[in-house]
Amino acid sequence: MDNILQNADTLHKEASDLLSSMELLKLLAQYGNSHLTGSYYYNLMTWRDIDICVEIDSIDKTKIFEVGRAIALFPYTSTMYFRNEFVLNTVGNPKGIFWCVEILLPSSQLWKIDILFANKEEIHKILKNGEEIKQKVTPSIRRSILEIKTPLSKRLEYRRSYRSVDIYHAVIHDGIRTVGEWDIWWKAKKR
């Protein structure tokens, strides 16, 4: 196995270990149905980032801040902030409330965890899109995505101009297989 695949597998295992040690999914289950999503779920990790959705019946900030308090008390929580996408309306973000958390482990590994609290319909859209992506990730597609996403995730434009999902769609739907092809594809797409 080459480095790019080994790195993704190592990050996935580290993420699983972190989630287990924090008992984060157990905590979130007290507030609603929680779902691991994003690169962890697709096994396309290129950096230390975990996305979780929590399906809740209604937006109750008191309960969401209870979760935030519990996460803040985790020994290695270094930074966290609250994002209300009902107010911010960020293009591409789901309607809901996020806790954006950074965990700095004693090993100096910095983990970013985004936890979205949203209604059933919003979570269903995310899960449906995620399932469609996951079903289309063959071993060769996985390799192509990781080979493109690894260098692109280090660029300043990453998460500002484009996101991981853009890379997934470029590879899965448009046959993009190299960073050079991506650059041409993305430039044309932005027009």
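Analyst: Asn7 counts as partly exposed, because its relative accessibility is 35%, which falls between the 20% and 50% cut-offs. The model is a predicted one. Asn7 lies in helix α1, which covers residues 3-22. Take Thr62 as a reference point. Asn7 and Thr62 are 55 residues apart in sequence. In space, their C-alpha atoms are 39 Å apart.

Strand β2 (residues 49-55) runs parallel to strand β5 (residues 110-118), and the two pair over 7 bridges. Within this region, Ile52 stands opposite Ile115 of β5.

A helix covers part of the sheet.

Next, Gln135. This residue sits in helix α6, residues 120-136. Is Gln135 buried or exposed? Gln135 counts as exposed, because its relative accessibility is 61% and the cut-off is over 50%. Gln135 is 17 residues from Ala118 in sequence. The C-alpha atoms of Gln135 and Ala118 are 24 Å apart.

Last, a helix pair. Two packed helices are described by the angle between their axes and the distance between the axes. Helix α7 (residues 139-152) packs with helix α8 (residues 164-174) at an angle of about 140°. Their axes are 10 Å apart. That angle makes α7 oblique to α8, because the roughly antiparallel class requires an angle over 145 degrees. The crossing of α7 past α8 is right-handed.

Which residues make the contact? From α7 come Ile141, Ser144, Ile145, Ile148, Lys149 and Leu152. From α8 come Ser164, Ile167, Tyr168, Val171 and Ile172. By class, the contact residues divide into 8 nonpolar, 2 polar and 1 charged.

Definitions and conventions
Residues numbered from 1 in each chain as written. Predicted model: local features only at pLDDT ≥ 70, side-chain atom pairs only at ≥ 80, totals over all residues. Heavy atoms only, no water. Axes fitted to C-alpha atoms, helices over the stretch in contact; angles between N-to-C directions. Helix = DSSP H or I, 4+ residues; strand = E, 2+ residues; numbered from the N terminus. Parallel < 35°, antiparallel > 145°, perpendicular 65-115°, else oblique. Left-handed = near helix turned anticlockwise from the far one by under 90°. Contact = heavy atoms within 4.5 Å. Nonpolar A, V, L, I, M, F, W, Y, C, P; charged D, E, K, R; others polar. Pairing = 2+ DSSP bridges. Buried < 20%, exposed > 50% of the residue type's maximum accessible area, 1.4 Å probe, protein only.
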